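Please look over the notes below on the aromatic residues. They are set out as numbered points.

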Amino acid sequence: FFSPALMMRHVALFLRVGSCRASAPTRGVRGFSTAAQPAFDSRNPFQVLGVDPGAEIDAIKKQYYKLSMIHHPDSTQGDDATFKKLNKAYHDVLDIRAGRLTEEAFEDSFEEWLRGLKEAKAKREKMASQMRKEEYFQLRTWFVFSNTFRDEKDNSLFLRWIRLWATLNVVEVAAAKLPGQWGMFQQRLAESWKAALFQSQEWASSHAAALQEARQAMSEVSVEEANKQFEMEYGVAKMLAQAHADFENLRKEMAGIEDDDYEDEVEEDDDVDLLLKA
């Protein structure tokens with residue numbers, strides 16, 4: 001009943017269909033490919049598992065079990081945080097398929113991402129500012145309780161440390177206004193301040209016994225007098241005013257402004273001047 005020509009057409013059709021099936025990716029019920037790379041930093045559970053939203057549940061389950069074996073804490077490549085993220089993503093997918101959640105709930109909008117960046121930056125700046133306050137008062141404490149044994153060399157160190165602290169604060173305000181002009185100065189000063197902090201901690205460590213002895217021996221009156229001396233020599237207002245004056249001289253020098261015409265320049269750039277004095 002079959003002619004050779006008809007048989008050849010059937011064979012050719014079979015080969016074409018077979019080759020298409022062999023080369024086509026695995027597809028789910030909605031025609032999406034289930035082959036994808038897991039994205040563990042995503043909030044979308046389908047992207048975490050590396051599957052398409054239209055994949056069959058059996059394919060998703062298979063992918064989850066495969067990744068779980070790789071990232072299980074007991075395996076050689078295991079990681080507890082990744083394993084927990086996979087487990088949560090899998091159960092979120094099950095909730096989505098059951099209608100208890102929607103996929104849109106896991107999508108990051110651009111506005112949310114941008115707001116998150118701004119909040120993280122503000123948090124870092126606040127923490128850095130708080131750290132500098134604590135470091136200033138730490139220097140003050142060391143100065144007060146070293147009043148009985150501190151020499152001229154130590155006084156020079158304290159002056160250098162606190163002047164650097166004040167200068168960094170002033171330049172950070174300027175860098176917030178003009179990052180392109182003062183950002184590099186801020187970065188270099190921050191590195192110098194980090195080195196100065198290490199030096200001050202080394203100094204305090206080498207004088208730990210004397211500082212502890214002075215802390216126990218000094219009377220309240222002596223401590224109050226030492227605090228007054230510190231305020232007179234290294235008070236916040238005084239040190240910031242000096243740092244601001246030095247910064248203004250540097251700013252004039254970089255801008256090529258003479259003292260005679262500087263007043264006009266300040267009037268034109270009054271907002272910058274007020275910001276630096278804030």
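**Aromatic contacts**

1. Ten residues stand in the cluster list: Tyr136, Phe137, Phe143, Phe149, Phe158, Trp161, Trp165, Trp203, Phe230 and Tyr234 form one aromatic cluster. The model is predicted, with pLDDT of at least 70 needed for local features and 80 or more for side-chain atom pairs, while totals for chains, interfaces and linings use all residues. Numbering runs from 1 along each chain as its sequence is written, and side-chain values use heavy atoms, without hydrogens and water.

2. Rings of Phe, Tyr and Trp (its six-membered ring) are paired if their centres lie within 6.5 Å; planes under 30 degrees apart are stacked, over 60 edge-to-face, and the rest tilted. The count by this rule is 15 aromatic pairs. Tyr136 and Phe137 are edge-to-face, because their ring centres are 5.5 Å apart and their planes stand at 80°.

3. Tyr136 has 2% relative accessibility and so counts as buried (under 20% relative accessible area; exposed is over 50%, partly exposed in between, with a 1.4 Å probe and protein chains only). Phe137, at 45%, is partly exposed.

4. Phe143 and Phe158 also make an edge-to-face pair, 5.5 Å centre to centre with 80° between the planes. This pair links distant parts of the chain, 15 residues apart: Phe143 lies in helix α5 (residues 110-145) and Phe158 in helix α6 (residues 152-177). Helices here are DSSP runs (H or I, at least four residues), numbered from the N terminus. Phe143 and Phe158 are both buried.

5. The charged end of Arg150 sits over the ring of Phe143, 3.7 Å from its centre (CZ of Arg or NZ of Lys within 6 Å of the ring centre and within 35 degrees of the ring normal). Arg215 has its charged end over the ring of Phe145, 4.6 Å from the ring centre.

Notes: Helices (H or I, at least four residues) and strands (E, at least two) are DSSP runs, numbered from the N terminus.
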